[in-house]
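This briefing covers the salt bridges, helices, surface and backbone of the model displayed below. Please read it alongside the sequence and coordinates.

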Amino acid sequence: MHIAEGFLPPAHAVAWGVASAPFVLHGVRSLTREVREHPESTLLLGASGAFTFVLSALKLPSVTGSCSHPTGTGLGAILFRPPAMAVLGTITLLFQALLLAHGGLTTLGANVFSMAIVGPWAGYAVYRLLRRYDVPLMVAVFFAAFVADLSTYCVTSVQLALAFPDPGSGFLGALGKFGSIFAVTQIPLAVSEGLLTVLVMRLLAQSSKGELTRLGVLLDKEESRSETEAVAR
């Protein structure tokens, strides 16, 4: 992840594009409504997109035809919900394919599905679950970013295994091989991304308390606590 240009068989490339399209269209409507109703969110939306672009552009060699890197989608999923990240992630992947030769146009649908759809939804689900049980915000943020990152690579492993099953052990054998190779680089990257996302969220909690409270990320009691800590420092 990103899967390289031309690496997937045409039928697989088309199928992943078709699977991704409804999520992206729904995300466009969600993002348009957010900007129309809350134009003050534009700056934070841009920052979320930039965070995803910068982190996902840092690639390490991994599986042939793909690579390892942070994804940066957990932050935006927490702030603006997963549909918005389907759009921001697609824009990120499109620009990277055109400008950085990172990923590709034929594999855009597959890359969008893993990084901009599954990753944000998985991370957001973990975040909501932890917050429901009153887990501290920053702990929930860490695990959301961690899971968003790792789930992306789990899906990429599935995509590659479906396209290139092992001659002897088939899909499951290929899935084990792709997943184990990704794990070497991706687990440390996911931990690092989780810590970095926590750092960014701490900065936002200090500089954009009102916006985070409106978005439901920072609760009233947490806003009061952050103000107390700021005064103490």
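A salt bridge is a side-chain nitrogen of Lys or Arg within 4 Å of a carboxyl oxygen of Asp or Glu. By this rule the count comes to four salt bridges. The model is predicted, so local features need pLDDT of at least 70 and side-chain atom pairs count only at pLDDT 80 or more, while totals for chains, interfaces and linings use all residues. Residues are numbered from 1 along each chain as its sequence is written, and side-chain values use heavy atoms, with hydrogens and water left out.

**Salt bridges**

- Asp 166 forms a salt bridge with Lys 177, with the closest N and O atoms 2.4 Å apart.
- Asp 166 lies in the loop between H6 and H7 and Lys 177 in helix H7, so this pair ties together parts eleven residues apart in sequence; helices (H or I, at least four residues) and strands (E, at least two) are DSSP runs, numbered from the N terminus.
- Asp 166 counts as buried at 17% relative accessibility, whereas Lys 177 is partly exposed at 47%; buried means under 20% relative accessible area, exposed over 50%, and partly exposed in between (1.4 Å probe, protein chains only).
- Glu 34 forms a salt bridge with Arg 214, the closest N and O atoms being 3.0 Å apart.
- That pair links distant parts of the chain, with Glu 34 in helix H1 (residues 10-37) and Arg 214 in helix H8 (residues 209-214), 180 residues apart.
- Glu 34 is buried, with a relative accessible area of 17%, and Arg 214 is partly exposed at 32%.
- The side chains of Glu 40 and Arg 214 also meet in a salt bridge (3.7 Å, N to O).
- Glu 40 lies in the loop between H1 and helix H2 (42-56) and Arg 214 in helix H8, so the pair ties together parts that are 174 residues apart in sequence.

**Helix geometry**

- Helix H5 (residues 108-132) has 25 residues and reaches 34 Å from its first C-alpha to its last, close to the expected 36 Å; the expected span is 1.5 Å times one less than the number of residues.
- H5 bends by about 35° at Val 118, and Pro 120 follows within four residues; the bend at a residue is the angle between axes fitted to the seven residues ending there and the seven starting there.
- Helix H7 (residues 170-207) has 38 residues and reaches 52 Å, close to the 56 Å expected, and H7 bends by about 50° at Ala 183.

**Side chains within helices**

- Ser 114 is found in helix H5 and is buried, with a relative accessible area of 0%.
- The side chain of Ser 114 reaches the backbone oxygen of Asn 111 at 3.2 Å.
- Thr 90, in helix H4, counts as buried at 16% relative accessibility, and a polar atom of the Thr 90 side chain lies 2.6 Å from the backbone oxygen of Ala 86.

**Loops and backbone**

- Ala 101 is found in the loop between H4 and H5, has a positive phi near 55°, and is exposed, with a relative accessible area of 64%.
- Asp 134 has a positive phi of about 60° although it is not a glycine.
- Asp 134 is placed in the loop between H5 and helix H6 (137-163) and counts as exposed at 62% relative accessibility.
- Leu 105 is found in the loop between helix H4 (82-99) and H5 and is partly exposed, with a relative accessible area of 48%.

Technical notes:
A polar contact is a pair of N or O atoms within 3.5 Å; within protein, one must be able to donate a hydrogen and the other to accept it, and residues adjacent in sequence count only if both atoms are side-chain atoms.
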